[in-house]
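Here are my notes from going through this one, in the order I would look at things on screen.

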Amino acid sequence: MNSLTKLLPSFASAITTKSARPILAACIHNSAVVRQAAATSDQSPAWTPHSQRVGIIARKKGMSTFWDEWGARMPTTILQLEDVQVLDVRTEEKHGYTALQVGCTNKKNVTKPMAIHYSKLNVQPKQSVAEFRVTTDAVLPIGTSLSAAHFVPGQFVDVTAPSIGKGFAGVMKRWNFSGLPASHGVSLAHRSAGSTGQRKWPSKVFKGKKMAGRMGGKSVTVQSLKVLKIDTELNLIYVKGCIPGFDDQFVQVKDAVKKHGAKRFPSDALPPPFPTINEASLESMPRELIANSGEGKDPFTTKE
Amino acid sequence: MSTATETVKYTPPSSIHVPVEQFPVPRVTKKNVIEVVSQEQVKRANVDGRTELFSRKNPDRIQPGAVLLVETLNSKAKESTSTFMGVVIAIRRKGLETSFILRNIVMKVGVEQRFALYSPMLKSIKVLQPAGAKDTKFRRAKLFYLRDQPGKAFQSLQSLWKLEQAEKVAAKKN
């Protein structure tokens, strides 16, 4: 325990192909549930419609376009998983709830307490860490790598990320107020809110009155976005639509909450990889997996 | 996680399709994932050499002012196509999202249509008259001024259309 370099384990580095990506053995951490999970790692528990799988942290890389098999065009956001690993397990007995702590993107310089903490987990320090609630059958051992193949093309996901900060925004931008007329005698108040209340009664401004203030920079969740494509080699997920935040931001992706049970996944892709994709399946997968539109019929034909 | 090394063959369910032509894994750095991936998609979508038609350096590229005939599929289920002929007034180069606008005057009404170059519904592009021919030389990249001052830009389109129809009939006869 003399120098920091001894504490940090040496490791295969960031963006490598899946053949060079190791899945670590179960941890040194003291957790009965984790040891139990490691012991039964050969038989993964069966997925049920009530199971909740772990989510992942990815980086928003940018946007592109996508044409489905019928020629319909849709915007797509590309998310990349960079060294996503499970860092901790929260259990019912010890913490009162069941969750997995997931980390993303290796980091070099950390404070000594964090370095010691990560060396005990036998994992490289991570830049972004978040927890995901899971059911007890979806618990994974510490150090498990999560990959893009955890998601099934055609399934629905929720994406959470901090929105772009707009600073101190005026009332027209923040609340879509229409302001005042540009002419006809209006002086110095073209973008203002106007009146803020009544007169003698109630003789106050109500709480929550829409006013100017800081806008953006908050956590926003976009729900039920379809996963269009998965790249198992580069660990990319192509999601339909837009996602809050700027490029290279850390976003949390998990299975959609508003689609219950089996409806999250395409009906012939059940059961999904549970608790996550295993090495053997990952090795056999081709690089690109693209979702079909799932409609079954051509959207460009009209009833005749 | 199973540690056994069984060779499990991956059979995709019907909701997933695996493209036949899979690219080998490219070398990516932290910054150029989008560029690399969209270049691959352009290669895959470039089925009939349309990238070369719109590249920046090709001497035979399509330039603003050229007259094109574009054939688009109405739907993938049917064979029927729509054709549109017009003068290229704008080319927007954005990798996979590259698009161009054709303008024509149809029954005294100006009509513009924007086509996505790599759309699977775009069947073919035929150059009827390259730019710079027959005193229709344009010195701009975007010819939006033709909406107000068309000049002689659209005069030759009718005759070109008739030529094209004649060629089609002749081809059918043969």
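1. Start with a proline: P275(A) sits in the loop between strand 11 (250-255) and helix 6 (279-284) of chain A. The peptide bond that joins F274(A) to P275(A) is cis, with omega at about -5°. Keep in mind that this is a predicted model, so these angles are computed ones.

2. There is another cis bond in chain A, between W201(A) and P202(A), where omega is about 5°. For orientation, P202(A) belongs to the loop between helix 5 (171-175) and strand 8 (213-215) of chain A. These bonds deserve a look because most peptide bonds are trans.

3. On to the phi angles. S224(A) is not a glycine, yet its phi is positive, about 55°. You'll find S224(A) in strand 9 (residues 219-231) of chain A. With a relative accessibility of 25%, S224(A) counts as partly exposed.

4. Chain B has a case too: K108(B), again not a glycine, takes a positive phi of about 65°. Here the setting is a loop, the one between strand 4 (99-106) and strand 5 (109-116) of chain B. Is K108(B) buried or exposed? At 83% relative accessibility, K108(B) is exposed.

5. Now helix 4 of chain A, residues 112-121. Its buried residues are A115(A), Y118(A), S119(A) and L121(A). These residues span an arc of only 155° around the axis, so they lie on the same side of helix 4 of chain A. The general rule behind this kind of pattern is that an α-helix has 3.6 residues a turn, so residues three or four places apart point the same way.

6. Which exposed residues sit on the face of helix 4 of chain A turned away from its buried side? They are P113(A) and K120(A). Follow the chain just past the end of helix 4 of chain A and you reach N122(A), which has a positive phi of about 65°.

7. Last, the surface charge. A patch of positive charge brings together R73(A) with R56(B), R92(B), K94(B), R114(B) and K142(B). Take R92(B) as one member to inspect: it is part of strand 3 (residues 81-92) of chain B. Its relative accessible area is 38%, so R92(B) counts as partly exposed.

Methods: Residues numbered from 1 in each chain as written. Chains lettered and ligands numbered in written order. Predicted model: local features only at pLDDT ≥ 70, side-chain atom pairs only at ≥ 80, totals over all residues. Heavy atoms only, no water. Patch = residues over 30% accessible without salt bridge, like charges linked within 9 Å, V, L, I, M, F, W, Y side chains within 5 Å. Areas by Shrake-Rupley, 256 points an atom, 1.4 Å probe, with all protein chains shown as cover. Salt bridge = Lys/Arg side-chain N within 4 Å of Asp/Glu carboxyl O. Lys, Arg positive; Asp, Glu negative; His and termini not counted. Charge placed at Lys NZ, Arg CZ, Asp CG, Glu CD. Helix = DSSP H or I, 4+ residues; strand = E, 2+ residues; numbered from the N terminus. Buried < 20%, exposed > 50% of the residue type's maximum accessible area, 1.4 Å probe, protein only. Arc of directions from axis to C-beta.
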